[in-house]
Amino acid sequence: MTGLYIHIPFCESRCIYCGFYSTTRRELQDDYVRALCREMAMRKDEGADGLATVYIGGGTPSQLSASNIRSIFDGIDDVFSPDWGKMEITMECNPEDITDDFCRALSQTPVNRVSMGAQTFSDVRLRFLRRRHDSAQVARAVRRLRAVGIDNISIDLMFGFPGETVAEWTDDISCALALRPEHLSAYSLQYEEGTLLYRMLAKGEVSEIDDETYRMMYNVLCDRMEAAGYDHYEISNFALPDRRSRHNSSYWHDVPYIGLGASAHSYSGKQRSWNVSSMTEYIRLIMSGVRPSESETIDERTHYDDMVMTALRTREGINLDEMPEEFRKYIVGSAEKYIGAGEMWTDGHRLALTREGIFVSDMIMADLMRPDE
Ligand code: SF4
C-alpha cells in the first residue's frame, strides 16, 4: 500500500517563521488543480498496490475553493479507485478558514482527519507570527468540524517564542488539551534562513530561548501529554489510543509514498524524487506532458542513513531484526556509549532514544550514520 501526498502551495499571506514554498497568487489555483489531476493520471501505476492514506498539505489547503477540493477527490477516485472507507484522509486547515460553509463542503468529501495549525493560544504571539487567526477561532473551528462528523483532529503547537516563559507554554498546552484533540504535534520555533524571523534574529530584534528553558518546556509537554493519556509516539507527536497519524508514520517506517504538486517529494523504496519548486514551471511542464522532477537512486548505505534519521524519531525506534548484519553490528557497537549514558535503550530487537537522548538526538543520529568510506 502507498501513501498519497498532495501539496497545495497557496497561502493568503506569509507567516514570519515559514520556510515552506508557497505563493499568495490565488489566481493560479484552478490551473494548478488541473495540473495536479494530470500528474495523478501520469503516475497511475505507482498507486497500483492501492492507497492507504491521503494527506493534503501545504501551504494552506483550506484556501482551495469547494469545487477545486471536489476536483482533487474526483481525480483520485478516477485514477486510483481507492477504498475510501478503510483509509485515513487528512487535510491541513487553518482555523480562520473553517467556516460553516467550509465544513459543509468538507463533509461532502472523504476527508476524515483535519490537521490544524493553532500554533499558540496567545493572541500576542499569534500576531507576532503574523498568523491570520485569533485563539478563539481555534475552539470554534474544532466545534464546527466535530459538528460535521470529523472525529480525528490534530492540533499543531509551537513553543520557545522569544521571551516565552514555561508558565505561558504550560497554559498553551492546557488550552489545547481542553479541546481534547485526538492528536497533537509540537515543534520549537525555528529560525530558518530566508525567513523574516531569521532576519529579525540576525538584527538582534529577537533572541532565542536558552537550552535550559527549552528542556523545561519539552519536559512539561511530554509530562502533560502523557498524564492526559496521549501516546508520545514520535519526538514531536502525541496521539490518543489508535489515533497515530498513519500517513506520517509511513514516512518514519519506510513505506513508499507518491508526492504530487510543486516541490512535492516521492519515495518508492528504491528511489527518491522531487518535483520542481516553481508553481508556474510545474503547471507549464505538467500540462505539456512532462513530469518536472529529479530523482536519485537509494543504495543500501543511503537507505541505512535515512532509517537512522527517521526511525530513531519514533518511540519504537529502529527494528534491528530487519537490518542487514553488517549495519546491525555497526549500529549496536556505535550505540553502546549512548545506552550506557541513558540516552538510548535496546531490548536486543529494537534500538531507540530515551527522553534524555531526544535532547541530543541530532548529535546521536549524526554519529550513528555510516562514516564516509
Ligand atoms: S506557516 Fe502555513 S500559512 Fe503560514 S506561510 Fe507557512 S504554509 Fe502558509
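Which residues in H6 meet which residues in H8?

## Basis of the model

This is a predicted model, in which local features need pLDDT of at least 70 and side-chain atom pairs count only at pLDDT 80 or more, while totals for chains, interfaces and linings use all residues. Residues are numbered from 1 along each chain as its sequence is written, and side-chain values use heavy atoms, with hydrogens and water left out.

## Packing of H6 and H8

From H6, Val-166, Trp-169, Thr-170, Ile-173, Ser-174 and Leu-177 meet Thr-213, Met-216, Met-217, Val-220, Leu-221, Arg-224 and Met-225 of H8 (contact means heavy atoms within 4.5 Å). By class, this contact comprises 9 nonpolar, 3 polar and 1 charged residues (Ala, Val, Leu, Ile, Met, Phe, Trp, Tyr, Cys and Pro count as nonpolar, Asp, Glu, Lys and Arg as charged, and the others, Gly among them, as polar).

The axes of helix H6 (residues 166-178) and helix H8 (residues 211-227) come within 10 Å and cross at roughly 25°. Helices are DSSP runs of H or I with at least four residues, and strands are runs of E with at least two, numbered from the N terminus. Axes are lines fitted to C-alpha atoms, for helices over the stretch in contact, and angles run from 0 to 180 degrees between N-to-C directions. H6 and H8 are therefore roughly parallel to each other (angles under 35 degrees).

## The second largest pocket

Helix H11 (300-311) and strand S13 (318-319) each give two or more residues to the lining of the second largest pocket. The largest share, 5 residues, comes from H11. By class, the lining has 8 nonpolar, 4 polar and 4 charged residues.

Technical notes: Parallel < 35°, antiparallel > 145°, perpendicular 65-115°, else oblique.
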